[in-house]
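The sequence and structure come first.

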Amino acid sequence: MSAGGQAASLDEKIGSGLKERTKQALGDEFLRKAVAYTTDKLKTGRLQAMDMFGDWEAWRDRGKAIREHTINHLDYYLSQFADNVTKKGGNVYFCSGASDAVSTFMEIADKNKAKLVAKGKSMVSEEIHLNHHLEERNIEAIETDLGEYILQLAKETPSHLIIPAIHKNKQQIATLFTEASGQHFEPETKVLAEYARKKLRNYFLESDIGLTGCNFGVAETGSITLVENEGNGRMVSTLPKVHVVVMGMERLVPTMEDLEVVLNMLARSATGQKLTTYTSLVTGPKRPEDLDGPEELHVIILDNGRSQQLGDPIFQEVLHCIRCAACLNVCPVYRHVGGHTYGTTYSGPIGAVLTPLIQQDMKEAGTLSYASSLCGACYEACPMKIPLHDMLVHLRHRKVKMKLTALPERVAFKSYQTVFGNITLFKLATKMGYYMQKPLVRGGMIKSGPPPLSGWTQSRFLPMLPKKSFRDRWGDLQKELAAKNTSGTKAKGGSAK
Amino acid sequence: MRVSLFITCLSDQMFPEVGESIVRILHDYGCEVDFPEGQTCCGQMAFNSGYQDEAREVAKTLIRAFEHSEYVVSPSGSCNGMIHHYYPHLFADDPVWKAKAQDLIDKTYEFSQFLVQVLKLTDLGAKFPHKITYHPSCHASRLLGIKEEPMQLLSNVKGVEFVDLPAKEDCCGFGGTFSIKMPDMSEAMVCEKVANICSTGAEVLVGSDMGCLMSIGGRLNKEGQPIRVMHLAQLLEEGRKA
Amino acid sequence: MSTGQQGTMRGKDDFMRNISSRLGRREPLAEAPSRPFIGVPDFYRDRTRTQDELIDEFIQSWTALSGKTLVIDEAEAPQAVEAYIRQLAGDLGIKRISRWDHEGLEKLGFDQSLNEAGIEVVTWREGGADHIELEGLPTGQDGNWAKRSHLLHAAEQCRLGVVWPDCAIANTSTLALFSQGGKGRSVSLLTEAIVAVFRADQIVYRMGEAFALFKKQYPNVAEMPSSLNLITGPSRSADIENDLTIGIHGPGKVHAIILK
C-alpha cells in the first residue's frame, strides 16, 4: 500500500482506532525511547535558545500580535501577496479543497509532461495526499528531505512535524536502504547520509518539477520563504525548470520586518537553533539575467477547511500556528504514544485541534480532543500563544453539543448536574457512596472494579472514601478551634487582621 | 480577616484531613475560618469533559455558596484554575452571573498563594526532618502561575532535605476524566512520574493538588513504593506541631 | 532590462470574497490596515554593537556551528585569500572551484594563481566555464540534466564555491546572499564547501538590518532578485536517530574570511 493510501485509510478511523493504536505504540519500546529522547533534546534546546534570546514573553506577545493582525486582515494580505507573486511572473492558483489543489498540480504536471517530481518537505502536500495521487498517474514523486525519504522507502507517513522519521532507528534505515539499492549498508549514520546525498542529488538534477511547501509568504514582496537545514529545499527550488509551491492560505506575514520575528521564533521553538541553516526567500521565477533558478513558478494556495475557522471566536487562533512542533515536544501524551497514534497528517496537540476543525469531522477526528490531560504544556510552549488546551476542551464541548458522546456518559453528566447542583442530593449521594464502595474495598483500598472504574484501577489503587467527609467533621473542628481560642494558643507568626 | 474554605468535592469526600490542616493553620494565624455548607463542586469534571451546560449549573451552586465571603481559600490549583480561567467563558452570555463569577474570582486563592500573597507568610516555623520532593501540578503552575509560593514555604521548613523532581513540569497523567477515558495514555504518564519520584530517593512526595496526589499515590500504592504522599498544608501543619 | 512577464491568477475573487465574509466584511479589504506595531520588539531593535563586537559575535556563533573563520587585514587580502583557498582545496583534494562573478572577488584576482596551482576556476557568468572539460554527467546523456547549460554542469562538478555575501548577520552568524545574475544560487549550494569573503563593515547585528538593506537596494518588487539566501552554517540533518549529520545536501564545510 502506498504512503498516501495508508494515510487515506487511517483517516476513517482516527477516533475509533485511537485506543488500539495507543496500545500498539505503548508496546513499542524503541518508539517510546526514541520519541522521548528526541523530544527531550528538542525541548531542552528550545529552552536554552529562548534563554539566550532574552525576554521570550515579549517575543511571544509580538509574534502573536503579528499573526493576529495578519489573520484578521487575511483578505488584504493574501490579495497583496498573490498580486506580488504574479507581478514577479509567478502563477497563483486559489484552491478551496484538496481535490482542487491536486488537480491543479496535475494540470501543471501535464503541461510540463512531468514524469519525476522532487519534493521538499511539505506538510500541505501530505494533507492533500499528493503522493498517492501522483502514483495513480504514474508520476514518480521523490521525497528529498532525509527523514521523508526514509519514510517513503518504508511506505509510512511522518510522525512528527519537523523530525518526520523520529520513530525509525539506524538498523531499520540501513535495512530500507539495503532493500532499495541492492547494496549492503551498515547502520552508520554517516554512511547512510552519504548514500542519501548521492542518490538524491541525481533526482534534483533530473526532476521535471521541484515541489516545496511555504513556511511564510511575505505579502509586501510576494516572496515564498523556505526554512530548512539540509539544503534540499534550495535544490528543488533551484535546479528543476518548474517550481511548484503548495501552501496553506494562512501562512503569511505582512512585511519582511515581521518575517524577522517569526523566523527567529520558529527556529528557536522548533530545534533550539538561532536560525535554520537555510532560509530562502523565493521571489518569482528566475530573472532574465539569472543563469540558474526555475523558469516557472506556480503557487497553489489552499483553503481546505481553514476559512471555516475565520470569524470563530474560539478557533480562529488555530490559524496563527507556524508549525514549529514545540507543542509536540512538550506534550506528555505525544511523548509516550508518538505521532502515528493520532492517525492523522498533523499530530500532537496542534494535530488534535487542527484535524477535526479543517476536516470538519467531529465524529472521528474530534475524538483526538480526548488524547490530552489538559495539562497546558502545549500552550506554555507555543511561541504564538495559541491556547490549545482551551481549544481541546471546546472541541469536547462541540462533540457533546452534536450528541456525539456515548449515551451513558451523557446520562452520567446529567445526573452529576442534578446531584452536585443540589446540596441535599449531594449529601445523600455521598453518604450512599461510602456504603456502596464496601464490596470493592480491600485493605482500605479499591484495587479493582467494573468499568469505568477499571480504567483507573488498571494502573492505580484508589483510596476508599473515609467514613466522615470534611463536612461531617466540620462541627468537631469548630469545637476544637473554639477550645484553642479560649486556652489562648496563638501562632508564633502573629495574627492576620 | 474572614476566610471561607472551599474544600473541593475531592478533598471533602476523600481527603478531609487536608481541609483540617488548612483550617488549623489559617486559624492559628488569626483568620476567622468558616465553611459554607452549600458548596459542592466547581464543575470542572463536567466542563473538561465538554459538558458546559451541566458545569454551569454546578458552578452556580459554588458561586452562591461563597457570595458573602471575604476570602475563599482552597487546597487545589486545579479547581481554582477552573474558576479563574473558565468561569468567565461559562458565564459570558449572562451579565448577572458573570459579575457574580468575577466577584468569586477576585477573592479566591489557592492555599500557598493565600499564605504568601495575602497573609505575607513564608515561614510557619515548621520542622520536618525528612527527604522530600515536590510535584508542581499543571493547573496551579500554568493556569494560575503559582510556581514560587510552595517553594518559598518549603524552603523555610527546618530539617527538610529537598530534592528536585526530574521532569517535574510533566503532567502526572491524572487529567480528571482523562485517566478513565484514556487509561493507557494515563498509565504511561503516571508510571514515568512515579519512576522520577522514586529516582529522587525522597521519603515524602509533596503536592498542592489532591487530584494529582491521588493519582500518583494510587500508583505508588500499586507498586508498593514506601513513599508518603502529603498535601503541602498537611506537611506544614505536622511540622508546626513537631 | 526586462523583468519578466506578469504571471496568471486563478480563482482569486471567490476565494477572497469567502475570506472577507467570514471575517465579517461585505467586500474584501482594499486598503492597507493600520499597524500599531511592525517587526521586532523595541528592546531588540534598539540594540547597538561596535564593529569589534559584531565580528566577535559572528565568529562565536559561526564557530559553534563548526564554521571556520579567518580575520585578515584588507591590504593582505589578495595573497591571504588565495593562500587560504589553495590550502583548503589542497586539504580536500579539490581541483575545481566555482565563484561568483563579483567585483570584490575580481579585485582579489586569485583565478590565475589558483590555475597555476592546478585548480580550475568556474566563474558564474555566460562563458564562465568554457575552459572546463566535464567529467561526464552523473545522470548520463539522455535525461533532463544533459539538456542544461555547460555552466550548470560545470558548477555541479565543483566541490568548493566562493561567494561575497551582500552582508552578514552577527546575531545568528548568517550570510545574506542576494542571489541574481553573476551571484548565482548554485555556487553556494552545489558544492561540498563554501568560502565567503566579506568586509567587516558588511556585518550587521540582526536579520532585520539585512532585510532593510535588501529593500533599500531593491525598492520595487519588480527589481528584486528571485532568491535571497540566508545561510547559517553547514547543511545538516538530524533525521537519523537524532544523530547530527553535517553536509547532507548542501555544503558541509563553511568558511568565512573577514577583511578588516
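## Interface of chains A and B

A salt bridge is a side-chain nitrogen of Lys or Arg within 4 Å of a carboxyl oxygen of Asp or Glu. By this rule, 13 salt bridges cross the interface of chain B and chain A. Helix H11 (residues 183-199) of chain B gives the most to the side of chain B that touches chain A, with nine residues; helices are DSSP runs of H or I, at least four residues, and strands are runs of E, at least two, numbered from the N terminus. That side of chain B has 33 nonpolar, 26 polar and 21 charged residues. Here Ala, Val, Leu, Ile, Met, Phe, Trp, Tyr, Cys and Pro count as nonpolar, Asp, Glu, Lys and Arg as charged, and the others, Gly among them, as polar.

The model is predicted: local features need pLDDT of at least 70 and side-chain atom pairs pLDDT 80 or more, while totals for chains, interfaces and linings use all residues. Side-chain values use heavy atoms, without hydrogens and water, residues are numbered from 1 along each chain as its sequence is written, and chains are lettered from A in the order in which they are written.

Contact (heavy atoms within 4.5 Å) involves 80 residues of chain B and 75 residues of chain A. The two chains bury about 7100 Å² between them, 59% of it on carbon and sulfur atoms; buried area is the accessible area (1.4 Å probe) lost by two parts on being put together, summed over both.

## Salt bridges between and within chains

Over all chains the count is 67 salt bridges. A:Arg473 and B:Glu20 meet in one of them, at 3.4 Å from N to O. This pair runs from helix H22 (residues 470-487) of chain A to helix H2 (residues 16-28) of chain B. B:Glu20 is buried at 12% relative accessibility, where buried means under 20% relative accessible area, exposed over 50%, and partly exposed in between (1.4 Å probe, protein chains only). A:Lys414 also bridges to B:Glu54, with the closest N and O atoms 3.6 Å apart.

Within chain B, B:Arg24 and B:Glu237 form a salt bridge at 3.3 Å. B:Arg24 lies in helix H2 and B:Glu237 in helix H13 (residues 232-241), 213 residues apart. B:Arg24 is buried at 16%, and B:Glu237 is buried at 11%.

## A pair in chain C

C:Glu82 and C:Arg86 form a salt bridge at 2.9 Å. Both lie in helix H4 (residues 77-92) of chain C, four residues apart. C:Glu82 is buried at 9% relative accessibility, whereas C:Arg86 is partly exposed at 36%.
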